[in-house]
Amino acid sequence: MDSKGWVRIDVLASFKRVQSKTMDVNLVRDVLQLSDYAEIRGDWVRSTDGWEKFVLPTAKLSVVETETPQSLLLQADKPGHAAIDDAEDVDDEDEEDVVFVMGRDAHHAWSPERPR
């Protein structure tokens with residue numbers, strides 16, 4: 001973790017528990033982007049709340065840019081964040097829909113009621 005709480009996504013993807021689910025760093029990035037608890041900047045991620053308490057005094061200076069208009073736009077959809085006034089509106093036409101597909105064996109999928 002650097003001095004601003006940023007961690008490389010490939011470092012998180014190298015954790016054994018993450019690798020037991022997937023070896024695809026892009027999938028890890030995509031899942032982090034869906035989270036309200038993670039802020040993404042390029043190949044870097046940090047918690048949206050409380051990262052300051054985990055930064056060590058010996059942490060390297062951050063190489064991740066501070067607030068940029070695009071990162072503020074991405075945060076605007078998250079609770080507790082507002083877009084900057086002069087940011088351009090994001091076209092709905094450019095956004096892709098996320099589709100979840102369940103196979104024939106969907107009745108065997110994990111659910112909160114079923115033990116793992």
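A nonpolar core is a set of buried Ala, Val, Leu, Ile, Met, Phe, Trp, Tyr and Cys residues joined through side-chain atoms within 4.5 Å. Buried means under 20% relative accessible area, exposed over 50%, and partly exposed in between (1.4 Å probe, protein chains only). This model is predicted: local features need pLDDT of at least 70, side-chain atom pairs count only at pLDDT 80 or more, and totals for chains, interfaces and linings use all residues. Residues are numbered from 1 along each chain as its sequence is written, and side-chain values use heavy atoms, leaving out hydrogens and water.

**The core**
- The largest nonpolar core has 7 residues: Ile9, Ala13, Val28, Leu32, Ala38, Ile40 and Val45.
- Helix H1 (9-13), helix H3 (25-34) and strand S2 (38-41) each supply at least two residues of this core. Helices (H or I, at least four residues) and strands (E, at least two) are DSSP runs, numbered from the N terminus.
- Leu32 touches Ile9, Leu12, Ala38, Ile40 and Val45 (heavy atoms within 4.5 Å), not counting residues up to four places away in sequence.

**The second largest pocket**
- Residues lining this pocket include Leu32, Val45, Trp51 and Phe54.
- Strand S3 gives the most to the lining, with 3 residues.

**Leu61**
- Leu61 lies in the loop between strand S3 (44-47) and helix H4 (69-76).
- Leu61 is exposed, with a relative accessible area of 73%.
- Leaving aside neighbours within four places in sequence, Leu61 is in contact with Asp2 and Ser3.
- The C-alpha atoms of Leu61 and Asp2 are separated by 5.9 Å, though the two are 59 residues apart along the chain.

How values were computed: On a 1 Å grid over the protein atoms alone, a cavity is a set of points where a 1.4 Å probe fits but cannot get out, and a pocket is an open set with protein on both sides within 12 Å along at least five of seven lines; lining residues have an atom within 4 Å of a point.
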